[in-house]
Amino acid sequence: MSTQTHTVFPLLFLVFITITTAAAAAAAAAAIRTSHELPTFREAPAFRNGVGCPKTTWVSSSISKSLNPDSIIHISMTLDSTYLRGSIAGVLSVLQHASCPENIVFHFLASHNRIDLHKTILTTFPYLKFNLYHFDTNLVRGKISSSVRRALDQPLNYARIYLADLLPNSVSRIIYFDSDLIVVDDVEKLWKIDLGTHVLGAPEYCHANFTHYFTENFWLDPNFSKKAFNGRRGAPCYFNTGVMVIDVLRWKQGKYTEKLEVWMKMQKRYRIYELGSLPPFLLVFGGDVKGVEHRWNQHGLGGDNLQGLCRDLHPGPVSLLHWSGKGKPWLRLDSNKPCPLDSLWAPYDLYRHPSSSLFAEII
């Protein structure tokens, strides 16, 4: 072999390494450039109604009439870049287990990136019936005080308080879901609970120590507890606001948004609780909630609000798993430190991992 041939091979190898390294660098740079954009997701399969599902059409206008409006299930969730992966998994879980998925309408609330979020939902769920509403964060400006965890202080966490005002008049009942849960049962069972004269239905936990949710400032001033709980039908019980069935008409008639705002303003002056948007709901509705089976909110799977350690399920059947608390399943799975129950969330994850896209681009 000639000296020239010996010289060419190292040069070719060097060129190959240079090109490969440059491609990897370019892909990495692209990943960095898009790190502030919304995550991307695989397209979900189409879910069709089963035999016996009533035919419906949904028209969001308060003037036009929908076909069989009583057969339409309305569900609301918030959308933002931080919890979008959880929201997508939640939507997929609802559709996958519903007997009449085509009769479900989602009402999403967002404060930023509405165009991009709308595109993400549309491309991930091409057959989904949904509306996307703008939540004006000015509504809570000056009404939010710091809590035990920064994530709880985001304005969008308070959007559920204003939900009834954002929906079209044709929506008289709605289910509110947090973005860190999955449904493993037919959501129609939850939808059809009888609220009676109650405004709100949710699983209650009366064994929980209700006093822990409020500061000494609250309990030392009898005017606070008297204002909150006098005249209630029963003793106040804890309930988690991540799963609620709401009578929208009764909410509007009773001006419950204003009642919740009263306590938010009180909090700013006297510091009467430590836990974000939950305590105002406990103060306004505690003792006057339609109890729902515990199976519809197996909450606390994200651990507490400070450490987020692994937790087991509560005893009893399960229709909904809720990773309330600091630990989120997608973060623990990505860090290779999952909790055992995170494996139940993983099958609903439609997220396209950047690492796999980067590898595909390089090779």
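**Figure 1. Disulfides of the predicted model.** The chain holds 3 disulfides, a disulfide being a pair of cysteine sulfur atoms within 2.5 Å. When the bonded cysteines of the protein chain are numbered in sequence order, the pairing reads 1-2, 3-4, 5-6. This is a predicted model, in which local features need pLDDT of at least 70 and side-chain atom pairs count only at pLDDT 80 or more, while totals for chains, interfaces and linings use all residues. Residues are numbered from 1 along each chain as its sequence is written, and side-chain values use heavy atoms, with hydrogens and water left out.

**Figure 2. The disulfide of cysteine 53 and cysteine 100****.** The two sulfur atoms lie 2.0 Å apart, and the link is left-handed, with -95° about the S-S bond. The pair links distant parts of the chain, 47 residues apart: cysteine 53 is in the loop between helix 1 (3-33) and strand 1 (73-78), and cysteine 100 in the loop between helix 2 (84-97) and strand 2 (104-110). Helices (H or I, at least four residues) and strands (E, at least two) are DSSP runs, numbered from the N terminus. Both cysteines are buried; buried means under 20% relative accessible area, exposed over 50%, and partly exposed in between (1.4 Å probe, protein chains only).

**Figure 3. The disulfide of cysteine 206 and cysteine 237****.** Here the sulfur atoms are 2.0 Å apart, and the link is right-handed, at 100° about the S-S bond. Cysteine 206 lies in the loop between strand 7 (204-205) and helix 6, and cysteine 237 in the loop between helix 7 and strand 8 (238-239), so the pair ties together parts that are 31 residues apart in sequence. Cysteine 206 is exposed because its relative accessible area is 53%, whereas cysteine 237, at 9%, is buried.

**Figure 4. Helix 7 (residues 222-229) and its buried residues****.** Phe224, Ala228 and Phe229 are the buried residues of this helix. They lie on the same side of helix 7 because they cover an arc of only 95° around the axis, the arc being that of the directions from the helix axis to the C-beta atoms. On the other side, Pro222, Asn223, Lys226 and Lys227 are exposed. Aspartate 221 caps the N-terminal end of helix 7, with a side-chain oxygen 2.9 Å from the backbone nitrogen of asparagine 223.

**Figure 5. Serine 145 in the loop between strand 3 (129-134) and helix 4 (163-166)****.** Serine 145 counts as buried because its relative accessibility is 13%. Leaving aside neighbours within four places in sequence, serine 145 is in contact (heavy atoms within 4.5 Å) with Asp153, Gln267, Lys268 and Arg271.

How values were computed
A polar contact is a pair of N or O atoms within 3.5 Å; within protein, one must be able to donate a hydrogen and the other to accept it, and residues adjacent in sequence count only if both atoms are side-chain atoms.
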